[in-house]
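Thanks for making the time, everyone. I would like to walk you through a few local features of one structure, so please have the sequence and the coordinates open as I talk.

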Amino acid sequence: MKTIEEVRKDIKYQFPKNFWWGSSASATQTEGAADIDGKGKNIWDFWYEQEPSRFFNGVGPADTSQFYYRYKEDIRLMKEIGHNSFRLSISWSRLFPTGKGKVNSKAVEFYNNVINEMVEAGVEPFVNLYHFDMPMAMQNIGGWENREVVDAYVEYATTCFQLFGDRVKKWFTHNEPIVPVEGGYLYDFHYPNEVNFRKAVQVGYHTILSSAMAIQAYRELKQDGKIGIILNLTPSYPRSQHPADVKASEIADAFFNRSFLDPSVKGEFPAELVAILKEEGYMPVMEEGDLDLIKFNTVDLLGVNYYQPRRVKAKENIPNPDAPFMPDRYFDNYIMPGRKMNPHRGWEIYEKGVYDILINVKENYGNIECFISENGMGVEGEERFRDEEGIIQDDYRIEFIEEHLKWVHKAIQEGCNVKGYHLWTFMDNWSWTNAYKNRYGFVSVNLEKNAERTVKKSGRWFKLVSENNGF
Ligand code: BG6
């Protein structure tokens, strides 16, 4: 590996001053301690009890990376590998064991400790309020389907602002809110494992409403920070410029990107999506005043998660009219010959996608302040890349990050308002039903050796990039 001096001499991609270098993670995926110190169950604790076999190697949410106990060591390592910022999430069911009502004082103590430790280390806490982890007590009354849960979420969010807002200046209402819609109500990879488009629409709608209401609550408190949302934007590319392919990709874009992007940034839903929902008879139940709430409480800051593109073609076959309604009634996924793959995860790698997203945000979303809030490369069986000194030689990850950063750099040169880059993720963590299958971290977590942490080669490399503000 190059020395700092060698790297410095050779910087081709210099990033703007005060660029946010760091990584992101979530509570349920890292904390462990799932059933102690008064934490209530969330849907993951419950589902794991019911169906442990759905989780890779049967590993459940109590056996995650133990951040609850080891946060000091982890924050020290963040600092050591050049983080000036890190995104965590608060576990709603740790703070409010039954979703609302009484606050768990042990949770307040834990999050205060974490935030203080980060501030002291010079690692700015970016705090997300919801990362797939509905408290079970709330799911029992319908989760996001039920408007009462929206009110409970706003109470939870307001409590977080009041408790931690003196030190936390970057808040996010949700991470990838379309994923619980897809996982829980369309494609069966999150609890409650339903396949029901009507519920999916209601869940999505209430999530957007909850975000606007939390933003309103935050602004009423007049804390001098910013509030945003984190969206997984998966650009849709048509197979060809044939109008049928183009139309199919526009519809996929409306369902999976603009459904959340438009209301979050512009305060309105995409007309194309609303037209389909009306025509098919799937409009959600709304209350008077909702649309104004959404219109007037848009985000200050947009987090962009980018992993892979979506390639789309016109439908090959006429859909079965008796099959349950699914968004793909309007398009087929397209496997592009010659695409570049991450063979360890089975996802396409298309680095330019990140640039296309940023240019779209610049041109069509008022060039709102944004940052790359997740990007990363999952690798199965990564232990095989550990060398004799115990370091994971993840050159493929370094290359992956570099190739994406080049496009981010180009977007900045062209005027995009991009403030930072966070890798998914800081240390290997528990990834929902995939558990510890795919490793993403700068720091490895050795499950065989009591979750021992060792910085990977990419972590060492990232330190240089951050110190030089470029590479
Ligand atoms: C992101 C999520 O979409 O993908 C993370 O925000 C998740 O929570 C990550 O861990 C990686 O997923 P996987 O399935 O490859 O382990």
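Let me begin with a cysteine: Cys 416 is buried, with a relative accessible area of 6%, and please keep in mind throughout that what we are looking at is a predicted model. Where is the closest cysteine sulfur to that of Cys 416? It belongs to Cys 370, at 7.0 Å, which is too far for a bond. Cys 370 is itself buried, at a relative accessible area of 2%, and, taken from its side, the closest cysteine sulfur is the one in Cys 416, again 7.0 Å away.

Next, the helices. Helix H4, covering residues 67-80, packs with helix H6, covering residues 105-121, at an angle of about 10°, and their axes are 9 Å apart. Because angles under 35 degrees count as roughly parallel, H4 and H6 are described as roughly parallel to each other. On the H4 side the contact is made by Phe 67, Tyr 68, Tyr 71, Lys 72, Ile 75 and Lys 79, while H6 contributes Lys 106, Phe 110, Asn 113, Val 114, Glu 117, Met 118 and Ala 121. Sorted by class, that contact of H4 with H6 comprises eight nonpolar residues, one polar residue and four charged residues.

From there I would turn to the strands, with S3, residues 124-128, as the reference. Is strand S3 mostly covered or mostly uncovered? Mostly covered, in that four of its five residues are buried. S3 pairs with strand S2, residues 85-89, in the parallel sense over five bridges, and in that pairing Ser 89 stands opposite Asn 128 of S3. S3 is also joined to strand S4, residues 170-175, by three bridges, and these two strands run parallel as well; here Phe 126 stands opposite Lys 170 of S4. As a general point, side chains in a regular strand alternate between the two faces of the sheet.

The last stop is Gln 139, which sits in helix H7, residues 136-139. Is Gln 139 buried or exposed? With a relative accessibility of 11%, Gln 139 counts as buried, because the cut-off is under 20%. Setting aside neighbours within four places in sequence, Gln 139 is in contact with Ile 43, Met 134, Tyr 185, Tyr 191 and Pro 192.

Definitions and conventions. Residues are numbered from 1 along each chain as its sequence is written. This is a predicted model: local features need pLDDT of at least 70, side-chain atom pairs count only at pLDDT 80 or more; totals for chains, interfaces and linings use all residues. Side-chain values use heavy atoms; hydrogens and water are left out. Buried means under 20% relative accessible area, exposed over 50%, partly exposed in between (1.4 Å probe, protein chains only). Contact means heavy atoms within 4.5 Å. A disulfide is a pair of cysteine sulfur atoms within 2.5 Å. Axes are lines fitted to C-alpha atoms, for helices over the stretch in contact, and angles run from 0 to 180 degrees between N-to-C directions. Angles under 35 degrees count as roughly parallel, over 145 as roughly antiparallel, 65 to 115 as roughly perpendicular and the rest as oblique. Ala, Val, Leu, Ile, Met, Phe, Trp, Tyr, Cys and Pro count as nonpolar, Asp, Glu, Lys and Arg as charged, and the others, Gly among them, as polar. Two strands pair if DSSP finds at least two bridges between them.
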